[in-house]
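User: I'd like a close look at one part of this model, please: the packing of its elements, with the database annotation alongside. Please walk me through it in one connected answer.

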Amino acid sequence: MINIIIHTFLLSISPFGESRVGIPYGVLNGLHPLTALGVGLIANLLVFPIMMFLIDNFNNRLWKYRMYKSQSVKLMRRAKSGVGDKIQKYGFWGLMMFVMIPLPFTGVYMGTIAAYIFKLPRASSFIAISIGAVISCLILAFGSHLGSLIPGVL
């Protein structure tokens with residue numbers, strides 16, 4: 001059981017799916033939906049402070065390297081095109097809605113990058129991203145649980 005919890009946590013904190021992968025993995029492998037929700041949510045909420053720490057401490061140092069710079073610019077353009085107009089128009093609520101929608105390339109990672117790019121206040125960005133992550137994780141846990149109850153669906 002501890003292996004499933006660890007895998008759920010690692011999948012939920014990874015940029016390759018976040019809790020969109022971690023929570024369904026936990027539920028489908030026998031975790032109680034509330035346990036999967038808790039583990040996935042905690043992992044997802046840790047992304048913001050970790051990403052901000054990494055951006056603050058390494059972005060300026062690594063900017064001089066061509067490969068890092070080109071990949072960063074590509075990632076920033078993706079974040080800006082995906083959420084830029086919504087964040088500029090709706091601010092806090094736009095960021096929350098962007099993170100809340102459980103689709104690829106929306107989530108805590110892109111929300112954090114967008115908050116950094118648009119120089120939004122960290123405290124309000126963290127709150128908006130956290131609310132969005134909670135709603136997204138609830139949707140995922142509920143959907144995964146319902147899907148696991150229907151025979152032959154998952």
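Analyst: Residues 123-142 are 100% helix and 0% strand, and their end C-alpha atoms are 29 Å apart. Helices (H or I, at least four residues) and strands (E, at least two) are DSSP runs, numbered from the N terminus. UniProt, in an unreviewed entry, lists this span as a "transmembrane region", along with residues 35-55 and 90-117; its positions follow the numbering used here, feature names are shortened, and annotations may be inferred rather than shown by experiment. Residues 90-117 are 71% helix and 0% strand, with 16 Å between the end C-alpha atoms.

Please keep in mind that this is a predicted model, in which local features need pLDDT of at least 70, side-chain atom pairs count only at pLDDT 80 or more, and totals for chains, interfaces and linings use all residues. Residues are numbered from 1 along each chain as its sequence is written, and side-chain values use heavy atoms, leaving out hydrogens and water. The protein chain has a mean pLDDT (the predictor's confidence in each residue, from 0 to 100) of 86, and 95% of its residues reach 70 or more. Where pLDDT is low, the predicted coordinates should not be read in detail.

In contact (heavy atoms within 4.5 Å) are, among others, Phe 48, Met 51 and Asp 56 of α3 with Tyr 109, Ile 113 and Tyr 116 of α6. This contact has ten nonpolar, three polar and one charged residues; Ala, Val, Leu, Ile, Met, Phe, Trp, Tyr, Cys and Pro count as nonpolar, Asp, Glu, Lys and Arg as charged, and the others, Gly among them, as polar.

Ser 19, Ile 23, Gly 26 and Val 27 of α2 meet Pro 33, Ala 36, Leu 37, Gly 40 and Asn 44 of α3, divided into five nonpolar, four polar and no charged residues.

Finally, α1 and α2 (residues 19-28) pack at about 165°, axes 7 Å apart, so they too are roughly antiparallel. Their contact includes Ile 4 and Leu 11 of α1 and Val 21 and Tyr 25 of α2, with five nonpolar, six polar and no charged residues.

Terms used. Axes fitted to C-alpha atoms, helices over the stretch in contact; angles between N-to-C directions. Parallel < 35°, antiparallel > 145°, perpendicular 65-115°, else oblique.
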